[in-house]
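Hi,

Here's the structure I promised to pass on. Have a look first, and then read my notes below.

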Amino acid sequence: MSVVGNNRVGIPIVLLHDAEGAVITVETKRGELIRGLLFEAEDMMNLYIKKAVVLGPTPGAKRKVEQVYVRGTEIVFIVLPEMLRHAPMFQRIKHWRKHGGAPPEGVGMAVGQTAAILRKASERRRGGFGGRGGGGFGRGGPPMGGRGPGGPPMGGGMGRGGPPPPQHGGNYYGR
């Protein structure tokens with residue numbers, strides 16, 4: 001299940017990012033236990049831990065290191081602090097389950113130029129405003145210039161060459 005939308009990181013990775021700045025314990029495939037301050041977590045679960053205590057695979061082997069980098073593929077499990085039980089991420093998940101996957105109000109709303117592009121694309125899909133060129137066929141569509149079969153001249157062209165033809169009477173400037 002993705003927390004922030006399609007093709008993004010999932011719950012475990014977001015939770016790991018939320019744990020940055022907290023003390024964690026990591027067990028590696030070699031059998032080492034590493035306990036320290038999680039400084040940075042990457043999306044591939046690579047961890048950068050500071051002020052760490054490494055308990056070696058052999059009993060009694062204990063050493064302190066200033067920093068350690070653990071590759072994500074070497075991790076068996078991670079013990080996170082209890083405080084993450086109340087992380088904001090879980091509130092989003094509850095909201096999504098309650099509302100059928102819809103993001104919370106105001107999250108994921110497009111703004112500025114992105115919003116204008118999305119709005120125009122949805123209008124085209126609904127058959128509304130055709131944009132420049134009138135018919136909205138674009139390349140490969142029926143020819144729009146000249147006269148139709150015995151009818152009046154048709155506006156437009158292939159999408160370039162001036163303003164769109166007047167809609168609902170009047171000229172281009174709404175007069």
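This is a predicted model, so keep in mind that local features need pLDDT of at least 70, side-chain atom pairs count only at pLDDT 80 or more, and totals for chains, interfaces and linings use all residues. Residues are numbered from 1 along each chain as its sequence is written, and side-chain values use heavy atoms, without hydrogens or water.

Let's start with the aromatics. Rings of Phe, Tyr and Trp (its six-membered ring) pair if their centres lie within 6.5 Å; planes under 30 degrees apart count as stacked, over 60 as edge-to-face and the rest as tilted. That rule gives one aromatic pair. Phe-39 and Tyr-48 are edge-to-face because their ring centres are 5.3 Å apart and their planes stand at 90°. Phe-39 has another neighbour: the charged end of Lys-50 sits over its ring, 4.0 Å from the centre (the cut-offs are NZ of Lys or CZ of Arg within 6 Å of the ring centre and within 35 degrees of the ring normal).

How exposed are the two rings' residues? Phe-39 is partly exposed at 42% relative accessible area, and Tyr-48 is too, at 21% (buried is under 20%, exposed over 50%, partly exposed in between, with a 1.4 Å probe and protein chains only).

Cheers
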